[in-house]
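Welcome, and please open the model in your viewer. We will go from one selection to the next and say what is there at each stop.

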Amino acid sequence: MQTRRHGMNQKGIAPLISVAIIVVVVVIAVGYVLISGGGGPPPENENAMVLRMIQSSDANSLDVDKTKMDQAIQVIALTQDTLMTYDWNMNYIPLLAESLPEIGENGLYIDFYLRHDVKFHCGEKFDANAVAHSILRAKQPWSVQSDTVRNVLDAEVLDEYTVRIHLVQWDRWLYDWFSQTSSSIVCPVCGEDQSYGVSKFCGTGPFKVKQWVRNTKTTLVRNDDYTWGPAIYQNRGPAHLSGITIEIDTNSLTSEDKFFTGKVDLMVGFAARPAMIQRLKTDPNVDPTFIYPRSSMAWIGFNVASLS
């Protein structure tokens with residue numbers, strides 16, 4: 001269940017949507033900045049605007065090639081970028097790419113022309129080498145993306161900001177993958193560190209991972225160098241929020257208490273008790289328009305190749 005407290009200030013313009021799933025934390029973080037009236041900035045910085053989340057479970061890794069958990073994807077969507085994304089009508093638009101890619105004859109290759117003004121959080125340059133490295137990394141047998149990119153034959157650097165993805169055959173789903181958070185570009189330097197995704201983090205997104213203490217708390221801080229948001233957003237530069245914290249608490253009762261006393265601004269992933277639902281409907285500090293079930297999708301495949 002998703003809930004947020006009433007009386008928060010609006011400091012953003014358009015929401016930043018993660019691909020594959022729409023993650024509510026992303027919508028709030030880069031778009032409408034919603035801060036609890038009962039909470040406020042941390043004492044060490046009175047001008048800071050920090051979104052304080054609480055959820056019932058944590059990610060297993062923050063390495064995009066080692067996890068498919070929603071809890072990880074919501075952090076990766078805030079800290080890393082993809083080559084393409086979607087507009088409000090679900091049309092493809094460029095993000096880290098300078099323009100939409102060119103598709104070769106018979107769909108056997110895809111050429112991406114990249115932005116020249118992007119850099120990773122560590123300072124490493126974003127270029128064709130980084131993209132090629134990231135895609136070939138996703139092909140590794142240990143990667144959770146390896147099946148998705150099975151039709152990738154190779155990634156060729158044509159020049160500093162042009163990369164060609166050679167395909168075994170045209171793959172419509174692979175093309176769509178380049179717009180999904182699971183295709184986020186991994187830093188070629190930091191991504192080779194054995195601690196990447198556990199204690200070392202890097203990306204090109206609007207937020208940086210300052211610290212991740214698994215099953216306890218994730219702390220994100222704003223990337224002040226971020227200037228390459230998609231053209232559909234009025235604010236394409238640094239986010240209005242100075243940071244985001246994601247606290248883990250498996251106890252729904254203590255989490256509810258933190259929410260209703262203004263110690264956190266957003267609850268995610270908790271089963272809603274009838275008493276809590278009633279309190280949400282009557283508490284004047286809660287905006288009922290932000291109370292809704294957390295949606296999910298299940299897929300079941302049937303082998304119908306040889307029915308008898």
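Start with the charged pairs: a search of the whole structure finds eleven salt bridges, each being a side-chain nitrogen of Lys or Arg within 4 Å of a carboxyl oxygen of Asp or Glu. Before you click further, note that this is a predicted model, where local features need pLDDT of at least 70, side-chain atom pairs count only at pLDDT 80 or more, and totals for chains, interfaces and linings use all residues. Residues are numbered from 1 along each chain as its sequence is written, and side-chain values use heavy atoms, with hydrogens and water left out.

**Stop 1: salt bridges**

Select arginine 52 and aspartate 265, whose side chains meet in a salt bridge at 2.6 Å, N to O. This pair links distant parts of the chain, 213 residues apart: arginine 52 sits in strand β2 (residues 50-55), and aspartate 265 in the loop between α5 (252-260) and β12 (266-268). Helices (H or I, at least four residues) and strands (E, at least two) are DSSP runs, numbered from the N terminus. Are these two partners buried or exposed? Arginine 52 counts as buried at 14% relative accessibility, and aspartate 265 is buried too, at 0%. Here buried means under 20% relative accessible area, exposed over 50%, and partly exposed in between (1.4 Å probe, protein chains only).

Next, pick arginine 137 and aspartate 63, which form a salt bridge of 2.8 Å, N to O. Arginine 137 lies in helix α3 and aspartate 63 in the loop between β2 and α2, so the pair ties together parts that are 74 residues apart in sequence. Both arginine 137 and aspartate 63 are buried.

Now move to aspartate 117 and arginine 115, a salt bridge whose closest N and O atoms are 2.7 Å apart. Aspartate 117 is partly exposed, with a relative accessible area of 38%, whereas arginine 115 is buried at 16%.

**Stop 2: helix α2**

Colour helix α2 (residues 70-79). Nine of its ten residues are buried, so α2 is largely enclosed by the rest of the structure. Among the buried ones are Ile73, Val75, Ile76 and Leu78. Which residues does threonine 79 touch? Leaving out residues up to four places away in sequence, threonine 79 touches His121, Gly203, Thr204, Gly205, Phe207, Lys208, Val209 and Leu220, a contact being heavy atoms within 4.5 Å. Threonine 79 is itself buried, at 6% relative accessible area.

**Stop 3: the nonpolar cores**

Show Leu83, Phe112, Phe126, Ile165, Phe178 and Ile244, which touch the most other members of the largest nonpolar core, a group of 58 residues. Such a core is a set of buried Ala, Val, Leu, Ile, Met, Phe, Trp, Tyr and Cys residues joined through side-chain atoms within 4.5 Å. Helix α3 (residues 128-138) gives the largest share of this core, six residues. Apart from it lies another core of nine residues, including Phe259, Met267, Met276 and Leu280.

**Stop 4: a loop residue**

Finish at arginine 150, in the loop between α3 and β7 (152-159). A polar atom of the arginine 150 side chain lies 2.6 Å from the backbone oxygen of aspartate 147. Select leucine 174 as well: arginine 150 and leucine 174 are 24 residues apart in sequence and 8.8 Å apart in space, C-alpha to C-alpha.

Conventions. Polar contact = N/O pair within 3.5 Å; in protein donor to acceptor, adjacent residues only side chain to side chain.
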